[in-house]
Amino acid sequence: GNDRIEEALGIRPFAEQPAAPAILRIEHIFGAHTELTEGGTPWLESGLHSLAALAAKLDELERLDDAGLRALIVSTGGGVTPAAPNPDGSRPQRPAFSRGPATIATSVLGTTELMYWLVDEPRALHRFYEVLADILIRYQRLIADAAGVKIAGYAWADDNCALFSPGLYAEFCLPLMRRVFAAFAPQPQDWRHQHSDSDMAHLLPLLATLDFTAVNLGPRIPAQAIRAALPHTEIQGQMAPFTLRNQPAAAIIAEVRRDFDAVGADGGLAVATAGSVAGGTSLAAIRTFMWAVQEYCRYDRRTS
């Protein structure tokens, strides 16, 4: 992959040797572990398989002071490279990022267990989400302090939110998201972002209550539906990644035009794929996509 990209673009964007993480992910803090499979990507798997194990892990995390949590975060070595201060000596402002509350929970607890426990063991899951909110906020502050930055804005990657009904999402996920936004994105101008490339249109009314700056949602959700629910939010791409990878040029061009014709006129659409560029996508397809954006997504031309 690097060889082909270097030939076309002059850069080698992908690391070619696996490296230990500089810091532990929030999922690792809660007991998840990473598994490697031949031909696959690193995958987070649950380390908690019972309510008793969950309760013990929460007890352990609640006892950690900031020094203990900091030591745990950097236990793999490396740590955080501090950013250069601003000319006036103040800390640069940066948005923070994590996976969202639904997806973190599937990695920490296991997807099947989570779905059962949300319904059958709500008290245990309420405690899990309360502790997760506490630790996540402390985790981000400790990392920001080590990096010499101030957090201003927050972004979620929450593909698995599609598994939650509106009622369960409102009960368990929204309170955590509101706490994190209150800590790190309290001002109207602060960046608030959600990525979720899954079929989660049923959650759009709930997401509308969070005043997102921008969203990157599932490719099967019509751009018009996102715009109707989130009228002041930038839509960052609805092109289906598999259209870009698998379909001929005419289909790629048609999908670019579809979204721009639907919602592009308000200036709140960034034409891109919904989620990612799928592995195996050809450079020819990407060039076709870029040509279509240049040709049909301009305000000085009429689309039809």
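The questions below concern a predicted model.

Me: How many cavities of 30 Å³ or more are there, and about how much space lies in the largest cavity?
Reply: By the rule applied to this predicted model, the count of cavities of 30 Å³ or more comes to one. The space in the largest cavity is about 40 Å³.

Me: Which element gives the most to the lining of the largest cavity?
Reply: The lining includes Glu 255, Val 256 and Asp 259, along with Leu 269 and Ala 270. Helix H12 (249–263) and strand E8 (269–270) each supply at least two lining residues. With three residues, the element that gives the most is H12.

Me: How do the residues of the lining of the largest cavity divide into nonpolar, polar and charged?
Reply: Among the lining residues are Met 239, Val 271 and Phe 289, as well as Gly 237 and Gln 238. The division is seven nonpolar, two polar and two charged.

Me: Which element provides the largest share of the lining of the second largest pocket?
Reply: The second largest pocket has a volume of about 430 Å³. Its lining has 17 residues, and Ile 5, Thr 281, Ser 282, Leu 283 and Ile 286 lie nearest the centre. Helix H1 (2–9) and helix H13 (283–296) are the elements that give two or more residues. The largest share, four residues, comes from H13.

Me: Is Gln 238 buried or exposed?
Reply: Gln 238 sits in the loop between strand E7 (234–236) and helix H11 (241–246). The cut-off for buried is under 20% relative accessible area. Gln 238 has 1% relative accessibility, so it counts as buried.

Me: Which residue's backbone oxygen does the side chain of Gln 238 reach?
Reply: Beyond four places in sequence, Gln 238 touches residues including Leu 217, Pro 219, Ile 221 and Asp 259. At 2.8 Å, its side chain reaches the backbone oxygen of Ile 221.

Me: Which side chain is joined to that of Arg 227 by a polar contact of 2.6 Å?
Reply: Arg 227 belongs to helix H10 (residues 223–229), and it counts as buried because its relative accessibility is 12%. Leaving aside neighbours within four places in sequence, its contacts are Thr 233, Ile 235, Val 263, Asp 266 and Gly 268. A polar atom of the Arg 227 side chain lies 3.1 Å from the backbone oxygen of Gly 268. The side chain joined to Arg 227 at 2.6 Å is that of Asp 266.

Conventions
Residues numbered from 1 in each chain as written. Predicted model: local features only at pLDDT ≥ 70, side-chain atom pairs only at ≥ 80, totals over all residues. Heavy atoms only, no water. 1 Å grid on protein atoms, 1.4 Å probe; cavity = no way out; pocket = protein on both sides within 12 Å on 5 of 7 lines; lining within 4 Å. Points joined across faces, edges and corners; volume = space filled by probe spheres on them. Nonpolar A, V, L, I, M, F, W, Y, C, P; charged D, E, K, R; others polar. Buried < 20%, exposed > 50% of the residue type's maximum accessible area, 1.4 Å probe, protein only. Polar contact = N/O pair within 3.5 Å; in protein donor to acceptor, adjacent residues only side chain to side chain. Contact = heavy atoms within 4.5 Å.
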